[in-house]
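Biologist: Could you walk me through the inside of this one? I'd like to know what packs against what.

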Amino acid sequence: MAEWTRTIDPEKLTQKRQEIHRQKRVGKKPNSFDVTLSPSDKKFNKKKNSEDPAATKEYLTKLANAMKTSPSSPYASNKDVKELYDASKKADQLGEPLFAIELLESLLKLTPNDARIYRRLSRMHNDQGNLDLARATLQNGLRKLPNNPWLWHGMGQLEMSQGRTDYGIRCYQRAIQEDPAFAHSYHAWGIHEFN
């Protein structure tokens, strides 16, 4: 173990950890899959990342319209779902939260059993000041997926942020009941108790 630690560069690990935390806060950089890119890959990414925001928005609009007019079936392919989900993230990063919400709502019709869509949509409604809509979105998700610990945790976070601590704690407890190894709710509940 001691020899292994001598061969590892702690600076690279620190940078990677900082990048992961930045991505959690801000979102992933477009086309940044690996921190260690070759010089030719960096040139390619610079060209691709220097897209005009208007052109990107136009692309996102075309994608949304295509999905609205002819979703190939109620069960769109994984590629379509991933592309639409990524498009909603991109719209949010471009400062178009209402458009991102619209994309997520259309995606929810295609994949009504995807908990991450309910959570993201709820967060975005909350960020827009629509607390009731944020709560209703999570409740709708919980009606469809009552055993999902992520949705219970999301409801707990929403309720805690609004000062409804008793219900928030019950939501954390339900998330833990659904998955006893679900660390997020233990952590959030512990922080609340510590404070």
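Biologist: Which residues does Ile117 touch, not counting residues up to four places away in sequence?

Modeller: This is a predicted model, where local features need pLDDT of at least 70, side-chain atom pairs count only at pLDDT 80 or more, and totals for chains, interfaces and linings use all residues. Residues are numbered from 1 along each chain as its sequence is written, and side-chain values use heavy atoms, with hydrogens and water left out. Taking contact as heavy atoms within 4.5 Å, Ile117 touches Tyr85, Leu104, Leu107, Leu108 and Thr111.

Biologist: Within what arc do the buried residues of helix 5 fall?

Modeller: Buried means under 20% relative accessible area and exposed over 50% (1.4 Å probe, protein chains only). Val81, Leu84, Tyr85, Ala87, Ser88 and Ala91 are buried in helix 5. Judged by directions from the helix axis to the C-beta atoms, these buried residues line one face, because they fall within an arc of 155°.

Biologist: And which exposed residues sit on the face of helix 5 turned away from its buried side?

Modeller: Look opposite the buried side of helix 5. The exposed residues carried there are Asn78, Lys79 and Lys82.

Notes. Helices (H or I, at least four residues) and strands (E, at least two) are DSSP runs, numbered from the N terminus.
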